[in-house]
Amino acid sequence: MKHAPSEKHTLSIIVDNESGVLARIVGLFSARGYNIDSLTVADVSTDHAVSRITIVTSGPPPVIDQIIAQLDRLVPVHRVLDLTELGPHVEREMALVKVAGTGDKRVEALRLADIFRARPVDTSTNSFVFEVSGSTEKVDQFIALMREVGLVEVARTGVVAIARGAEAA
Amino acid sequence: MSAIQPADTSREMTGAEIVVQALIDQGVDTIFGYPGGAVLPIYDALFAEGRIKHILVRHEQAAVHAAEGYARSSGKVGVVLVTSGPGATNAVTGITDAMMDSIPLVVITGQVPTHLIGTDAFQECDTVGITRHCSKHNYLIKETARLASALHEAFYIARSGRPGPVVIDIPKDVQIMRGPYAAPTAAGHKTYKPQTKGDQTAIETAVEMLAAAERPILYTGGGVINSGPHATTLLRALAALTGAPVTSTLMGLGTMEHRHKQFLGMLGMHGSYEANMAMNRCDLMLCIGARFDDRVTGRLDAFSPHSKKIHIDIDRSSINKTVRVDLGIVGDVGSVLEDMLALWKARGHAAQDLEPWWADIAGWRARDCFGFKQQGPALLPQKAIQRLWEKTRDQAPIISTEVGQHQMWAAQHFGFDAPNKWLTSGGLGTMGYGLPAAIGAQLANPGALVIDIAGEASIQMNIQELGTATQYRLPVKIFIINNEYMGMVRQWQELNHGGRYSESYSDSLPDFVKLAEAYGWKGITINGPDDLDAGIDAMLAHDGPVVVDCRVTKLANCFPMIPSGAAHTDMMLEGEAPPTSEPDEDAKALV
């Protein structure tokens, strides 16, 4: 069942905002040998009762089906949405990228940041911290370019995603 | 202690009183446990509480297995009460066992007070962390106000959908503080809503596929038993209407009368030749509450290659997990079978002409795969179990087992005609399961004949529970198939490891008769075929607990057997030459 080609899927998991729920989900992935490419979690309701977990995972379609079925039977899970399967959706991630340098490198870093619509959120005479957001590919590409102008370190949020259109998925 | 009244309205109680009241309101009359520092307030609330009988085991693992035996033989939720730290960790094997075999349990564990959690306090362990993946759900209750609803939820979750164990960890201060109590309501759960009714279109398709099949087989499992006695009746009705052969997993034995002409016996690694051949050659497999376990399928790429497969299961994640099926129906077995039967009748389907199919099956049956020849002075284990069955069948006994060869021989040679009579650790394969399970079953069925068919190695894993049976005057029988080996380990070493019997012998065995007597039991020895009937008769004649040490031939193997990594069609039968060479590495790596 595991020989079909691997696919990347973005899952949105609506869960009770209770202690241990993240451990339950992460533990399920590790115990059953599923991949987590990225994971984000935050409270998304006004009464703090519900969180949305976004997991980017990869595997052959039968494994993706199993992942969804396994997640769905956890007691605190309200629902599991396979955004990749459901259709049009927006995926974004944000990164904070620190670069250090002076002279031409510093100027080039600023020029590249402008092209990527990355904003400097911290600066010193020999460094910047840029905030960049967009698709994973865009963030990857920005970071790759920053390597050539003095990349120091990176922090990324991982992907958050939501279905397009007026309806809740 | 304060008297606990029937609770109709919300009112204040201590956490410990809430626990006891919730158990009473959930209809619990028996719990299995062991006290300790972190559960003393609950034990205090239980003191002189006449409506709940507490069974004091000798080890927390046994408390859980006893609750499993109670649950499986009664259809009720089993309840366990243990302390923090070692109390909880000792219970983990039992909790995992219940998880693997889908047994409804509520396990209450004490915890150090909330302000000490995370400080490595005395007898502290991260119980919810440890049990997160071996329970269906678990809770750490940090406020007394949350306790009543969590307990009621736990019972609901344990018994609904695919049943399983639910752990509730209660810090000692939460047991002492006062909080509101509310009785259980009929409302389900806000997020956990298992689908019990099958999809009607899928059911229609299933009925058409079944009606059109030329070589159908019903492959049934523990889900039929978990669905309740009604599901067994419906299964038998479906078998009668379709005329199809039926096979069962280890967990499902008893749902078909074992001598029914349509029943092919257990399937899988030590199942019958006819069941496995029929699974291999069928054109339609209807899987009812079973999960395509590796003991059942053998080599996956050779598993039933020419069949369409339908799978009915209440757990969606069981469908397409290891074997891809053509049609999955998520729902309770009883509900789906009821719909299928109604539809079959409404559409006026007649049973197909299955004559050619039954002729094939008759050919496989003729191999007499469970046959054995008792000759000479050494007693064959198969013979011992067959006679035990013949001499007790009129009493419809409840049989528990330990794990190993004796377990498989019991499954092969003991006949079951009703559900909830066969208690065995299938998924986890826990040695030491049988004696506590028998104790639990005896408590749930006071008048029944309950026998633990054991091995001399397994029985020692929870032998201390002899004392529990003595204390509560439970007339449990233990029938030890004693071959002085961990027989299944030895068999695998013979077949897979060149007969190098590394550490698989039973040395320094106790004198089981004297051991039984030391605990106030009766002890009987059966030394050979000539003693067998008299020994069983003496066991049955004694109205208290009995240990029978039944000495059998030492090197018998359990056949038929599908060797590791082999297909159903590669079964080894008794008397066939074993493989001359050791298996390859891939096969050796399988369990």
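Reader: What distance separates the centres of domain 1 of chain A and domain 2 of chain A?

Author: This is a predicted model, in which local features need pLDDT of at least 70, side-chain atom pairs count only at pLDDT 80 or more, and totals for chains, interfaces and linings use all residues. Residues are numbered from 1 along each chain as its sequence is written, while chains are lettered from A and ligands numbered from 1 in the order in which they are written. Domain bounds come from an automatic or database domain assignment. For chain A, that assignment gives domain 1 (7–86) and domain 2 (90–162). Taken over C-alpha atoms, their centres are 29 Å apart.

Reader: How many residues of domain 1 of chain A are in contact with domain 2 of chain A?

Author: Two residues are in contact if their C-beta atoms, placed from the backbone, lie within 7 Å. Eight residues of domain 1 of chain A are in contact with six residues of domain 2 of chain A.

Reader: Which chain A element gives the largest share of the side that touches chain B?

Author: Helices (H or I, at least four residues) and strands (E, at least two) are DSSP runs, numbered from the N terminus. In total, 18 residues of chain A are in contact with 14 residues of chain B. H2(A) supplies the largest share of the chain A side, six residues.

Reader: How many helices and strands does chain B have?

Author: Chain B has 22 helices and 20 strands. Its C-alpha trace spans about 70 × 60 × 45 Å along the principal axes of chain B. Residues 24 or more positions apart account for 76% of the chain B contacts with a separation of 6 or more.
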